[in-house]
Amino acid sequence: MTEGKARIAVTGLATMGSNLARNLARHGFKVAVHNRTPAKMKALLEEHGHEGDFVGAETLQDLVDSLQTPRQIIIMVKAGGPTDAVIDELSGLLEPGDMVIDGGNAHYADTRRREAALKEKGLLFVGAGISGGEEGALNGPSIMPGGPAESYKHVGPVFEEIAAKVDGQPCCVHVGPDGAGHFVKMVHNGIEYADMQLIAEAYDLLSRIGGQTPAEISEVFTQWNSGDLESYLVEITAEVLKHVDADGTPLVQVIEDAAEQKGTGRWTVQEALELGVPVTGIGEAVFARSLSGHTDQRKAVRDAFGASEVVAKPDAELVDDVRQALYASKVVAYAQGFDMIREASKNFDWNIDLGAMATIWRGGCIIRAQFLNRIREAYDANADLASLLVDNYFRDAVQNAEAAWRRVVVRAVESGVPTPGFVSALAYYDALRSERLPAALVQGQRDFFGAHTYRRIDRPGSFHTLWSGDRSEVEA
Ligand code: 6PG
């Protein structure tokens, strides 16, 4: 350690980067700050220099020179090319044992590649998922660092200090080697997409079938936020719904109904397809956003068929039924997300502790929610759960909600309100519970046209029926 030098550095001072640097400084860490265009660095020092001990660096060389060794540099630039460019430049300036930490939303495969490349140079590379948006970066995010265990000895204590805390525990843990941290952050975002879609469907049902105004639905969400559904996303939904334009029109009614995406939800689904894990809730959410953006196609179909007219038919049960359907569908979405992490962990030998992931998502991040405590308890009780759904608590919760969940799906389908999230979550649950699935018929079809063979339930081996011959069965 060198007296007077900075403990850690941040390069890339857009909102997330500068808020993270301020968070570090506010926690007493001397932090060196750098931006490709120095004006941003100077503006940060001018506006927030009084919040802690900052060292401004005009160049990456200055940044490197300002740091204690082993050096720790957090990169907060755009994922992809810009991140590679900074890593390339930095790796020529650093010494063996130094650490480069990518705090952006990088694809985990890029993180694996970068970690391997920097290892060759004796550098430690940490892909750290950071969630919580601007507010979290400043006041306490949830941090999901991957990379070599050795790096966590150095960056772990710093991250644990600036992370959100729940029941005194920091929302940060070493997730696993190489790309594990960014993988978990990607799935976090996928779950975020699913959760947001389910909440949006609940709003749509209360609006179109329940005939409620956004202000009334805001009240409903506020109430829900004091029960099992307590979560950041439910809380902000109530805020968005009660917000009005200058003329009193609810804002939600004037926002264009075409949802955008930066890509982490899509990545999650692409990876789930590779791993063979059915994350149907995340898939439906990604496709729902995509569908909403096809405005010309939507108009063409509306013109051809006439816009669907939903007649509001509120009844006393609707609000509570939707609450229960939302909860059950949400359990399914999280169960699928955790399945995906478990599968990737096996595949890449990451040894990820699923209970610890639930623990660090309890605060700071976008999907923070009361029920993550239950998920943690479920994995603490049995780390090898076949599915979250079979944990006693979640089994009871889903069983209790089942009748309401079915009523909601039936009403949505009858009325013409699209609820792909609710419907597919229920179908997933029903499929898992079925004694027999029609997959048997699919196997028969595959064997018919492609001699792809099938297995039988009554004896071992693979078989083929001579479909175009005498239809006798042969062992394959
Ligand atoms: C977070 C958020 C953050 C961001 C996502 C979502 O965890 O803080 O997930 O990473 O809001 O990129 O963005 P899109 O909805 O645009 O994909």
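**Entry 1: α18 and its neighbours.** I looked up what the buried residues of helix α18 pack against, and found α8 (180-208), α12 (280-293), α14 (318-348) and α17 (392-415). Contact here means heavy atoms within 4.5 Å. The model is predicted: local features need pLDDT of at least 70, side-chain atom pairs count only at pLDDT 80 or more, and totals for chains, interfaces and linings use all residues. Residues are numbered from 1 along each chain as its sequence is written, and side-chain values use heavy atoms, with hydrogens and water left out.

I listed the buried residues of α18 as Gly421, Phe422, Ser424, Ala425, Leu426, Tyr428 and Tyr429. Buried means under 20% relative accessible area, exposed over 50%, and partly exposed in between (1.4 Å probe, protein chains only). Helices (H or I, at least four residues) and strands (E, at least two) are DSSP runs, numbered from the N terminus.

I also checked the length of α18. Its 14 residues (420-433) should span 20 Å at 1.5 Å a residue, and the end C-alpha atoms are 20 Å apart, which agrees. The expected span is 1.5 Å times one less than the number of residues.

**Entry 2: Glu402.** I found Glu402 in helix α17. Is Glu402 buried or exposed? Glu402 is buried, with a relative accessible area of 17%. Leaving out residues up to four places away in sequence, Glu402 touches Tyr429 and Arg433.

**Entry 3: α4.** I noted Thr83, Val86, Ile87, Leu90 and Ser91 as the buried residues of helix α4 (residues 81-91). They cover an arc of only 125° around the axis, which puts them on the same side of α4. The arc is that of the directions from the helix axis to the C-beta atoms. Exposed Gly81 and Asp88 are on the face turned away from the buried side of α4. Among the elements covering the buried residues of α4 I noted β1 (8-11), β4 (72-75) and α5 (108-120).

**Entry 4: the sheet.** I traced an open sheet of 3 strands in the order β10-β11-β12, with antiparallel pairing. β10 (454-455) and β12 (473-475) stand at the edges with a single partner strand each, so one side of each is left without a neighbour in the sheet. Two strands pair if DSSP finds at least two bridges between them. β10 and β11 (residues 462-465) run antiparallel and are joined by 2 bridges. Phe463 in β11 is the bridge partner of Tyr454.

**Entry 5: domains.** I read the domain assignment as domain 1 (8-174), domain 2 (185-433) and domain 3 (438-475). These bounds come from an automatic or database assignment. The centres of domain 1 and domain 3, taken over C-alpha atoms, are separated by 56 Å.
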